[in-house]
Amino acid sequence: MWPLSSLVNTAVALLSMTITVASATNTTLLPLLYKRLPTGVVKPSGWALDQAHIQADGLPGHTQEFYSYVAGSIWTGGPIEYSEMHEAAPYWFNGIVTLAFQLEDTRLMSQAKSFLDYVLDHQQADGWIGPEAPTNSTIPRLVWPRYLILFGLIQYAEAAPEENERIVDAMHRFIALVHEIWVNGQEGNADMGDQFAYQYVRWEELVYSLQWLYDNYPQGQESMLLETMQLVKSSGFDWKNDWFTDAAFPKEAVTNYTMPNHGVNIAEALKSEALSYRFTQDESDVQSTFDRLDLLYTYHGRESGTFAADEHLAGLDPSRGTETCDVVEQMFSLATIYQSFGNNTVADRVEKLAYNALPAAIMPDWWTRQYDQQVNQIWAKNMTPDFPWGDNLGYSNVFGLEPNYPCCTVNFPQGYPKFWSHSFLTDQSLGTLMHIFLGPATLSTTLANDNNVEVTVDTLYPFGSTLKYTITASKPFVFNVRVPSWALGSNRSTIAFNNARPVLLNPDVSTSLHSVQIDPGMTQFDITLDMPLQVETRSSGAVAINRGPLNYAVEISHNDTSTFSWRNPQALSDTERLFPAITPNYTTPFIHQDRDHTLLPTMDWRIAIDPTTLTVNDKSAQISAMPYYAWAPGAQPVTLTAKACNIEWAVVQNAAAPPPQSPNTCISGVFNVTLTPFAAAKIRLGEIPTITAL
């Protein structure tokens, strides 16, 4: 349960300062509380840099080369797309740009540049971007996938100054057309097909890009941009009043599969009122933002950071799933909310998602992903014909190229690059720099008053508790480090300058930011965060175990069988229906460039633990670097052990039944079990039944 009153009070206090500034400088669109640095300025280092290279060498970096929905996309003159949504290549573009520039990888930058050139070179005279609907179509132009193109264009314009003018001009031409479309009521409606129904509920994605133009390159079009924001909001689904209310919001797994209870739509809509607040200046938008977080994570939340939606909201049963697209969209939405309101627990959840739910869904080499992950995941296999999902199919938790549907294949790569890009923020009015999402990173930037600043963060975090900062600056400024909620108030959360005696951290009570005065020249300091073991009680008395930002799970040994990657039949069928002239090489039922993985347990998974026997085994002080594959089994320096035994526990619909009521009776002798970081345990128990203290 989120401490809602505290969140809202903090947000209002921070926003009162923002409004004071806004009243003097901008009476139409309130400025963001904190500003993100341009794409490519913040770069991953240490284990995170290894992770970025793994992503570039894995499926995300090779998608354009062999994956037909991108390699043969209609967006670059090809003949193929998996649905009327026209979203495959736009999703891919949204994910590849930041990674390419963070790594300064010429191969990836060439991929992004070729896509950019084709899209902009083929922009139509009226401003339209991308493929048109068939000439005999009776439905209007679909704007939705262009929301994703705009995201990619924003990142590219920030990262490549030589392309900035060209991109911004193209965006303005397109947005002028979008304004005309909405003014004339030509945007379509939800009755015209799923593609328009998705557009109807995802209006906030377009508002984000409109606000970026307004903030950075308005070109005298502030009134038009603002009116377009208002138009797309007023014609879209009313998340604030019709869904995220105590009366309307579902408090258990849904059985009516509608657009508002669709997981990806919800994950994107988390930020809708945070964005709207900038032009409504309605305090109830702030309240609604935190109300929805409270509702969502109370009734559908997971200790891995995410909420459950195996296509649609799935309640608290730990065998129900979460779509991988939900995870990356939550990360982006919550990062945006933090920029708007600056709440510590919002940032805590972004880290939880990044360090638990995201890597849990992807194999360590980043070549295969799940569609649905489970907290209690006793196998990853084809469950057809009996499976636990609400509205997905039996192949959904296999690690593969496109289990269940292709969307996550092209969407999951945005997760880490955008997380790294948002990890440092600035307060332009104060000239301060803040480290918000903790982890290894480097940056070089110019703050207010032409202050040239470089920052290096050397850390194993989240696998270790110490962050070593080296900062050089040409002028004095204030640097802030966010202290996570779990480390607050501890006499073991400290800061030490130049190897001197550590002193207690003293973060601001409203922001949880610890301030460090940086003088011209070089400043070095170490921050150590206390990571207490936290045992959370879940449904039926089962427990979830956290330490710092990491969630821990009982690791279940398993085998791994792989086959050539299977293609989703629904997507192939839709492709052939939409593009009957395509040649068979685009719709082969298997792809030989990738492998699908079936994981089956090699031990009895029906385990309960005595949580009073939990022991922390911390070897982080004994290593200076993580193994290259940081999320591989056995790679992490901190594990837990506990006394355990086997219990009676049924299988229902090819998944573990809800955990039996604790405490449980042993049906075996007592043995030791290892708990590893959630993401490393591909077969696992994350909500663990208990036994009576031994």
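The protein chain holds 20 helices and 26 strands. Its radius of gyration is 24 Å, close to the 26 Å that the globule rule gives for 694 residues, so the chain is as compact as a globular protein of that length. Keep in mind that this is a predicted model.

Start with the overall dimensions. The C-alpha trace spans about 75 × 65 × 50 Å along its principal axes. Of the 694 residues, 63% are buried. The accessible surface comes to about 23900 Å². Carbon and sulfur atoms account for 52% of that surface.

Now look at contacts along the chain. Take those between residues at least 6 apart in sequence. Among them, 74% join residues at least 24 apart.

Charge comes next. The chain carries 38 positive and 71 negative side chains. The centres of these two sets lie 5 Å apart.

Turn to a sheet. Strands of a sheet pair through backbone hydrogen bonds, either parallel or antiparallel.

Strand β2 pairs with β8 (residues 441–447) over 3 bridges, in the antiparallel sense.

Next come some backbone details. Most residues other than glycine have a negative phi, and most peptide bonds are trans. Several places in this chain depart from that pattern.

One joins Tyr 461 and Pro 462, with omega about 10°. Pro 462 sits in the loop between β9 (451–459) and β10 (466–473). Another cis bond runs from Ser 662 to Pro 663, where omega is near 0°. Look for Pro 663 in the loop between β24 (655–656) and β25 (671–677).

Then there is positive phi. Glu 104 is not a glycine, yet its phi is near 55°. Glu 104 lies in the loop between α5 (88–103) and α6 (106–121). Is Glu 104 buried or exposed? Its relative accessibility is 55%, so Glu 104 counts as exposed.

Asn 449 is not a glycine either, and its phi is positive, about 65°. Asn 449 is exposed, with a relative accessible area of 63%.

Note on methods:
Residues are numbered from 1 along each chain as its sequence is written. This is a predicted model: local features need pLDDT of at least 70, side-chain atom pairs count only at pLDDT 80 or more; totals for chains, interfaces and linings use all residues. Side-chain values use heavy atoms; hydrogens and water are left out. Helices (H or I, at least four residues) and strands (E, at least two) are DSSP runs, numbered from the N terminus. The radius of gyration is taken over C-alpha atoms; the globule rule is 2.2 Å times the number of residues to the power 0.38. Buried means under 20% relative accessible area, exposed over 50%, partly exposed in between (1.4 Å probe, protein chains only). Contact means heavy atoms within 4.5 Å. Accessible areas come from the Shrake-Rupley method with a 1.4 Å probe; for residues, only the protein chains shown count as cover. Lys and Arg count as positive and Asp and Glu as negative; His and the chain ends are not counted. The place of a charge is taken as NZ of Lys, CZ of Arg, CG of Asp or CD of Glu. Two strands pair if DSSP finds at least two bridges between them.
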